[in-house]
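The stops below are given in the order in which to select them.

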Amino acid sequence: MCSRRHGGGRVRSTTPAEDRYIVLSAKRNRRTTAQQVANQFLAALGKQIFRKTVPRCLRGGGLYARRPVVCVPLTRQHRTARLQWCREHHNWTEQDWACVLFSDESRSSLTSDCSRQLIWRESGTAYRPENIQEKDRYSICSIMV
């Protein structure tokens with residue numbers, strides 16, 4: 001007769017309630033680092049956790065470290081100009097559009113982007129407003145192709 005004993009393995013450093021607290025604090029400020037979340041945990045609960053414990057808890061809560069989507073902020077004049085252009089061209093035919101040349105531009109930076117910042121977000125939520133970083137200035141050394 002043999003049976004499996006429960007309770008083997010490493011002892012968890014956080015409880016499920018503490019895991020929920022870590023996920024909630026990361027959702028409140030998505031741009032905090034794992035070390036900052038660990039420091040907040042220490043200040044709030046008086047219990048020290050390792051920096052690498054934070055991403056494990058966040059993965060359990062469905063949050064992953066990803067780069068934010070970068071977009072150019074649109075002013076009210078940009079939006080009204082786009083709307084006006086759409087209203088002027090909404091009834092164009094295929095022959096009208098055949099005379100238009102569409103081109104694609106790509107910007108390549110000559111300097112490295114060492115100030116890359118990650119955010120904590122759920123899968124499939126890249127384009128939600130809280131996960132988008134607005135940036136109206138690009139690096140000085142770049143080439144448009």
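The tour goes from a core to a helix, then to a pocket, a loop and a pair of strands.

**Before selecting**

The model is predicted, so local features need pLDDT of at least 70 and side-chain atom pairs count only at pLDDT 80 or more, while totals for chains, interfaces and linings use all residues. Residues are numbered from 1 along each chain as its sequence is written, and side-chain values use heavy atoms, with hydrogens and water left out.

**Stop 1: the largest nonpolar core**

Select I22, A26, I49, V54, L58, L63 and W120. Of the 13 residues in the largest nonpolar core, these touch the most other members. Such a core is a set of buried Ala, Val, Leu, Ile, Met, Phe, Trp, Tyr and Cys residues joined through side-chain atoms within 4.5 Å. Buried stands for under 20% relative accessible area, exposed for over 50%, and partly exposed for the range in between, with a 1.4 Å probe and protein chains only. At least two core residues come from each of α1, α2 (34-45) and α3. Which helix supplies the largest share of this core? That is α2, with four residues. Element names follow DSSP runs numbered from the N terminus: helices are H or I runs of at least four residues, and strands are E runs of at least two.

Now centre on I49. Apart from neighbours within four places in sequence, I49 is in contact (heavy atoms within 4.5 Å) with T14, I22, A38, F41 and V54.

**Stop 2: helix α3**

Select α3 (53-60). Which residues of α3 are buried? They are T53, V54, P55, C57 and L58. The cover over these buried residues includes α1, α2 and β4. Step past the end of the helix to G62, which follows α3 and has a positive phi, near 90°.

**Stop 3: the second largest pocket**

By class, the lining has four nonpolar, five polar and five charged residues. In that count Ala, Val, Leu, Ile, Met, Phe, Trp, Tyr, Cys and Pro are nonpolar, Asp, Glu, Lys and Arg are charged, and the others, Gly among them, are polar.

The pocket volume is about 270 Å³. A pocket is an open set of points on a 1 Å grid over the protein atoms alone, where a 1.4 Å probe fits and protein lies on both sides within 12 Å along at least five of seven lines; lining residues have an atom within 4 Å of a point. Grid points are joined across faces, edges and corners, and the volume is the space filled by probe spheres set on them.

Then select V11, in the segment before α1. V11 counts as exposed because its relative accessibility is 72%. A distance line from V11 to S25, 14 residues along the chain, reads 23 Å between C-alpha atoms.

**Stop 4: the loop between β4 and β5**

Select T125, in the loop between β4 (119-121) and β5 (132-134). T125 counts as buried because its relative accessibility is 4%. Its side chain reaches the backbone oxygen of E122 at 2.7 Å.

Is N131 buried or exposed? N131 counts as buried, at 0% relative accessibility. A polar atom of the N131 side chain lies 2.5 Å from the backbone oxygen of T125. Not counting residues up to four places away in sequence, N131 touches R30, P68, V69, I119, R121, T125 and A126.

**Stop 5**

Select S106, in the loop between α5 (94-98) and β3 (107-109). S106 is partly exposed, with a relative accessible area of 40%. S106 and M144 are 38 residues apart in sequence and 5.7 Å apart in space, C-alpha to C-alpha.

Move to S108 in strand β3. Its C-alpha is 5.2 Å from that of I143, 35 residues apart along the chain. S108 also touches C141 and S142, with residues up to four places away in sequence not counted.

End on C141, in the loop between β5 and β6 (142-144). C141 counts as partly exposed, at 35% relative accessibility. C141 and S109 are 32 residues apart in sequence, with 6.0 Å between their C-alpha atoms.

Technical notes:
Polar contact = N/O pair within 3.5 Å; in protein donor to acceptor, adjacent residues only side chain to side chain.
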